[in-house]
Amino acid sequence: MEAAPKPGSGARVKAQGKKQKPRRYWEGETDGASSLSSNSFTTPAPPRGTKRKGEDLLQPRGAKVPKRSKQIQALKSNQNQKHLRSKQNQNHLRLKKDLRPNHKQELRPSGTLSGAQDPFPGPAPVSENAVNKFRRGSSKFVKKHHLKLVTEHKLKAAADEEEETSVRAARAELLLSEEPGFLEGEDGEDTATIRQSDIVEAVDISSAAKHFDLNLYQFGPYRLNYSRTGRHLALGGRRGHVATFDWITKKLMCEINVMEAVRDIRFLHSETLFAVAQKRWLHVYDNQGIELHCVRRCDRITRLEFLPFHFLLATASETGFLTYLDVSVGKIVASLTARAGRLDVMTQNPHNAVIHLGHSNGTVSLWCPAMKEPLVKILCHRGGVRAVAVDSSGTYMATSGLDHQVKIFDLRGKYQPLTSRALPQGAGHLAFSQRGLLAGGMGDVVNIWRGQGQGSFPSFDQPYLTHRLRGHVHGLQFCPFEDVLGAGHSRGFTSILVPGAGEPNFDGLQSNPYRSRKQRQEWEVKALMEKIPAELIDLDPRNLGEIDVISLEQKKKERIERLGFDPEAKALFQPKQKKKGRSSAANLVKRKTKVKDQEHREKVRQSLQQHQEQQQKKKKKLRTPPSPGSRPSALDRFKR
């Protein structure tokens, strides 16, 4: 058996067929006859007997060695041979470490493990359209001359962070597992003729179970509301029946009869609390059906809307009052009168939390709690407004009136109708889905329209789906993150399958349908800490990050009028540095105050002098006798 060569011998192993050690991926190509052994990265040591004592192993062979002093040579010669051998071994190992990375670097110039170069260096490019999809307003920073340096740096950092967040979200969109899809007919088939039974047969078992009917004709008609996560459903019958349940698993949470007329029902910030607009007052219940609060200041309520980011419950009453109730502290933030009679049509804009009210004179008014007057009034119909709905992006508003017209309005500043359609009976209820589908209830028929593409308004040329209910429609709402439309009618409740209606991918930190009890509690605490004040509700939320230049100029003018001079017109006084302790902090402040007072006295003295001169000129004009050509008047006695 052949012995392995010693580390310092410099011997090479001959190639022996199958016993040859395979070449590693970081090793280069060798000559055909031989290959490097496991010690191929090391430089072979010189043969024995040729090395001089005291010669540094790191010196290349044949290099000149500088002469050393006799004392050092004497010390070296007296050292033990054993110690010298250990030192040689250490230097040899060090030589291996020094030469190995250099050899690898020559073989792998790209710095990768395999040695291959990256054909696509740097981060993957992202299209501008994908980034604009996740942008919230304009993320570009515009430098303004009136900003302070610190404020300018903060605004620039915020804009850069927002831009980076948008790019990351656009790049992570590739990881979304679900994709939206719509119903398509075969060979030009009209999708409006496809029935719910055909859709149930074509989809999987879990999706087919989402289509069901609840026969509740004894306590109808019914109003409904889905929770923000889309997992729970609340039903409120006109004759007092109230129930909440997990509509996916059909697990009942609570079911009570309030023995009073129920006009509307809404979930609050979570599925554990819900508000019921009863005949007299507003009541709040928990998920077990226990009454927690009775708000008597909100009486004869007809419609309810909850603003999740502001923790505000908006109520519209028969007396024409719009009331905002802060559910986090139990305090009424604002109570506004619309002066338009009974308020029976109300919805909210999910984009900016503005309340839209429909009136009997055909107008729609937009309200916020900080203003006592409506922000905008839009004349929509020649008759009374029956229903109003706003899409999730806050771009389009759909209205229907007594003139049997259904119109789509643009809310981006112009408030002009984009399209309209006359329906035989008129739509009594409207609802937008997360993907832009519009549902309208006309008697016992529900029509659903869709747009030509993503981001476009619905087209009324041809309905997307049509479904006939057992009774007249009394409430419509699309379920969040599900292709389901809930319809409350006089005979109960119906869940309709609408392919392509819901957003397939949800934000787990905001609205997670599968969250646990602990996650819900943590989310509630975080949402309360990030609650937006009611005063910040406005038509354009992007105005909050801008500076009101007009108000700044007005404040500056008022300050100049109050002081009598412009304090920013002259540079501030900077006292000179003095010695012998006369430039302490207190002395500097005293000197600055003294100069400031002197300038102020001088300005006031000048303004008083000008005022006296003007008064003297007026007195001279009054005392001057009339010209001989002018007649005296009887009113001259009243001159001062």
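1. The end C-alpha atoms of residues 378-412 lie 13 Å apart, and this span is 0% helix and 57% strand. UniProt, in an unreviewed entry, lists these residues as "repeat: WD"; UniProt positions follow the numbering used here, feature names are shortened, and annotations may be inferred rather than shown by experiment. Helices (H or I, at least four residues) and strands (E, at least two) are DSSP runs, numbered from the N terminus.

2. The model is predicted: local features need pLDDT of at least 70, side-chain atom pairs count only at pLDDT 80 or more, and totals for chains, interfaces and linings use all residues. Residues are numbered from 1 along each chain as its sequence is written, and side-chain values use heavy atoms, with hydrogens and water left out.

3. The protein chain contains nine helices and 28 strands. Of its 640 residues, 35% are buried, where buried means under 20% relative accessible area, exposed over 50%, and partly exposed in between (1.4 Å probe, protein chains only). Among contacts (heavy atoms within 4.5 Å) with a separation of 6 or more, 46% are between residues 24 or more positions apart.

4. The largest nonpolar core has 32 residues, and those with the most contacts inside it are Leu-322, Tyr-324, Ile-355, Ile-378 and Met-397. At least two residues of this core come from each of the strands E11 (312-317), E12, E13 (331-337), E14, E15 (355-358), E16 (363-367), E17 (376-379) and E18 (385-390). A second, separate core has 31 residues, including Ile-199, Tyr-222, Leu-469 and Leu-485. A nonpolar core is here a set of buried Ala, Val, Leu, Ile, Met, Phe, Trp, Tyr and Cys residues joined through side-chain atoms within 4.5 Å.

5. Beyond neighbours within four places in sequence, Gln-348 is in contact with Glu-305, Phe-306, Leu-307, Val-354, Ile-355 and Val-390.

6. Salt bridges number 17, each defined as a side-chain nitrogen of Lys or Arg within 4 Å of a carboxyl oxygen of Asp or Glu. Arg-223, Asp-264, Arg-266 and Glu-305 are linked in a network of such bridges.

7. Arg-515 and Glu-271 meet through their side chains at 3.3 Å, N to O. Arg-515 is in the loop between strand E28 (492-497) and helix H7 (517-529), and Glu-271 in the loop between strands E6 (262-267) and E7 (273-278), 244 residues apart. Both partners are buried, Arg-515 at 16% and Glu-271 at 11% relative accessibility. The side chains of Lys-531 and Asp-326 form a salt bridge of 3.1 Å, N to O. Lys-531 is in the loop between H7 and helix H8 (549-563), whereas Asp-326 is in strand E12 (residues 321-326), 205 residues apart. Lys-531 is partly exposed at 28%, while Asp-326 is buried at 9% relative accessibility.

8. Helix H4 (residues 149-172) has 24 residues, which should span 34 Å at 1.5 Å a residue; its end C-alpha atoms are 35 Å apart, which agrees. The expected span is 1.5 Å times one less than the number of residues. The buried residues of H4 are Glu-152, Ala-159, Ser-166 and Ala-170, and their cover includes helix H3 (128-134). Within H4, Glu-164 and Arg-168 lie four residues apart, about one turn of the helix, and form a salt bridge with closest N and O atoms 2.8 Å apart. Glu-164 is partly exposed at 42%, and Arg-168 exposed at 56%.

9. The peptide bond from Gly-220 to Pro-221 is cis, with omega near 0°; Pro-221 is in the loop between strands E1 (212-215) and E2 (222-226). Arg-339, a residue other than glycine, has a positive phi near 55°. Arg-339 is in the loop between E13 and E14 and is exposed at 62%. Tyr-415 also has a positive phi, of about 55°, although it is not a glycine. Tyr-415 is in the loop between strands E20 (405-410) and E21 (417-422) and is buried at 18% relative accessibility.
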